[in-house]
Amino acid sequence: MKLKNYIFLPAFLLTLSAAAQSIAPAKAPTLKKDSVVTTTFEDDPIAAMLDSLSNLQYFDKTAKKSSLQKRIIGKYHFSADSVPQYDDKIYEARLAKLDAQSPFDLAYNDAVKQYILLYAVRRRDLVSRIMAMSKLYFPMFEELLDKYNLPLELKYLAVVESALNPSAKSRTGARGLWQFMYTTGKMYNLNTTSYVDERSDPYKSTVAACEYFQYLYDTFGDWQLVLAAYNSGPGTVSRAIRRSGGKTNYWAIRPYLPKETQGYVPAFIAVNYVLNYTAEHNIFSAVPQKTYFQVDTVKIKQQLSFNQISSVLHIPISEIEFLNPEYKLDVVPYNPDGEESSLCLPKEDVGTFITNETAIYNYLKTDTATSEQILAMQASEPIAKTYRVKKGEHLSTIASRYKCSVRELKEWNNLRSYNIHAGEKLTIYITSGGNRAKESYAANKKQRKNVSKNNNSDYYTIQNGDTLWSIAKAHGLSVEKLKKINNFSDNQRLKKGSKIIIAMAGN
């Protein structure tokens, strides 16, 4: 089972008094401040996971403070650099409020306080990043926890495990948001191959974690012991219970658990506290580039490389890697006899992928073609991308990014002025074929205008570079409808000079 190294508390905590060991199940021992040396965090794996967020680039560094943040600052009168700390009684009272609504024993003691100080003081800047990452992962966690009838507070365990870094890897080899070891992952159907490590798949690993939680609760019947067993394994917890004389309370068996597990539950309690009282500690979320509701998945029907996806959809490879951490070699494999692979993309790019799926796969079949052949295919297969304007962007900056002109952007989107607004959607024709694609678009537009002048015409003459997609787009049709009215097959080839039936506007 999985075992990871966590906080090393002083050795004498292993010999808590008999009174502490025999404490009532619903209560935690009071660990006196003068009996616990302040923990150092330099070698603490939990702190190391937090530090791994320092190099994560999935944040919008240009975003300003939200109006909500400004209102809260006004409410508490904090200065921007204020680092609030509170009396023990306040920490204890706040945790008591959370405890009253939770199946977990969210007790307060000095071990818990050390982790509150870690998150709210020593690493508070990284907690801002955790808050941002929670906007991507917590909705999915909550949905699955609810499906499995598990406490929603378990979402905070992933913060302790990985700091919500999807590419996290522990010193003992555990991986992903839920830090599964190889053997435990195998037990819960998380496969590892040369291409894929499903322990790093956000969705599949969360399903596995839910199933593991269910098994552990069926075994121990106590959520605190479930946390301990998730960290050190059910066998370790069972041995600690026997060594304690049969006690089944976490705080009673804590001296008999590995040192790393002794800090694990206090860290979980501290995360519950800090993420529910961030405003009171003057901590505010960083801004993620995407939230849970801004991404979606598509099923892949052919093997794709991240480089190919990036080239076609104009998404940075780093963003594809972040959204798909399970793919080890930047390749989405395809197994016709197995489960279909999924690709997570920004929602606007999912629409682009689905709308142009055939064209994308046709382009990607040219892996062994020459660069000239690839450019030629791209020129004849322009892909329509829906682009959402970001704050501060102008037509000129978007045109520069996609290697087109401002005039073309206005033309493609029927814009009468140069004014665009954040959140507005633009249609952009993506291609590496340069002027050939632009000429193809212009020819299609000219042909559409000529046809529209003759209301009796039901035909279109194929031009050089035309595709079913470009013709359908020019005449306001779907490719499926165009194929249907012409009785075309899926692999229909178009011949220059031949005529096809079109549906006139208004008919």
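Which side chain meets Lys-204 in a salt bridge? The partner is Glu-339, with 3.6 Å from N to O. The model is predicted. By the salt-bridge rule, the count comes to eight. The largest nonpolar core has 88 residues.

- Lys-204 sits in helix α9, while Glu-339 sits in the loop between β3 (331-332) and β4 (341-346), so the pair ties together parts 135 residues apart in sequence.
- Lys-204 counts as partly exposed because its relative accessibility is 26%, a value between the limits of 20% and 50%.
- Glu-339 has a relative accessible area of 57%, so this residue is exposed.

**Salt bridge Lys-113 to Asp-88**
- Lys-113 pairs with Asp-88, and their closest N and O atoms are 2.9 Å apart.
- Lys-113 counts as buried because its relative accessibility is 15%, under the 20% limit.

**Salt bridge Arg-175 to Asp-197**
- Arg-175 and Asp-197 meet through their side chains at 3.6 Å, N to O.
- Both partners lie in loops: Arg-175 between α7 (157-162) and α8 (182-187), Asp-197 between α8 and α9 (202-220).
- The two are 22 residues apart, and the pair links distant parts of the chain.
- Arg-175 is partly exposed, at 26% relative accessible area.
- Asp-197 is buried, at 5% relative accessibility.

**Nonpolar cores**
- Within the core of 88 residues, those with the most contacts are Ile-116, Tyr-119, Phe-141, Trp-178, Phe-213, Tyr-230 and Val-237.
- Helix α6 (residues 124-147) gives the most to this core: 13 residues.
- Apart from this core lies another, of 18 residues, including Val-298, Phe-306, Val-312 and Leu-313.
- Beyond its neighbours within four places in sequence, Val-237 is in contact with Phe-220, Leu-225, Ala-228, Ala-229, Ser-232, Ile-253 and Leu-257.
- As background, nonpolar side chains in soluble globular proteins tend to be buried together.

**Nonpolar surface patch**
- Tyr-459, Ile-485 and Ile-501 form a nonpolar patch on the surface.
- Together these residues have about 260 Å² of accessible area.
- Ile-501 lies in strand β8 (residues 499-501).
- Ile-501 counts as partly exposed because its relative accessibility is 34%, and patch membership needs over 30%.

Notes
Residues are numbered from 1 along each chain as its sequence is written. This is a predicted model: local features need pLDDT of at least 70, side-chain atom pairs count only at pLDDT 80 or more; totals for chains, interfaces and linings use all residues. Side-chain values use heavy atoms; hydrogens and water are left out. Patches are made of residues with over 30% relative accessible area and no salt bridge: like charges are joined within 9 Å, nonpolar side chains (Val, Leu, Ile, Met, Phe, Trp, Tyr) within 5 Å. Accessible areas come from the Shrake-Rupley method with a 1.4 Å probe; for residues, only the protein chains shown count as cover. A salt bridge is a side-chain nitrogen of Lys or Arg within 4 Å of a carboxyl oxygen of Asp or Glu. Helices (H or I, at least four residues) and strands (E, at least two) are DSSP runs, numbered from the N terminus. Buried means under 20% relative accessible area, exposed over 50%, partly exposed in between (1.4 Å probe, protein chains only). A nonpolar core is a set of buried Ala, Val, Leu, Ile, Met, Phe, Trp, Tyr and Cys residues joined through side-chain atoms within 4.5 Å. Contact means heavy atoms within 4.5 Å.
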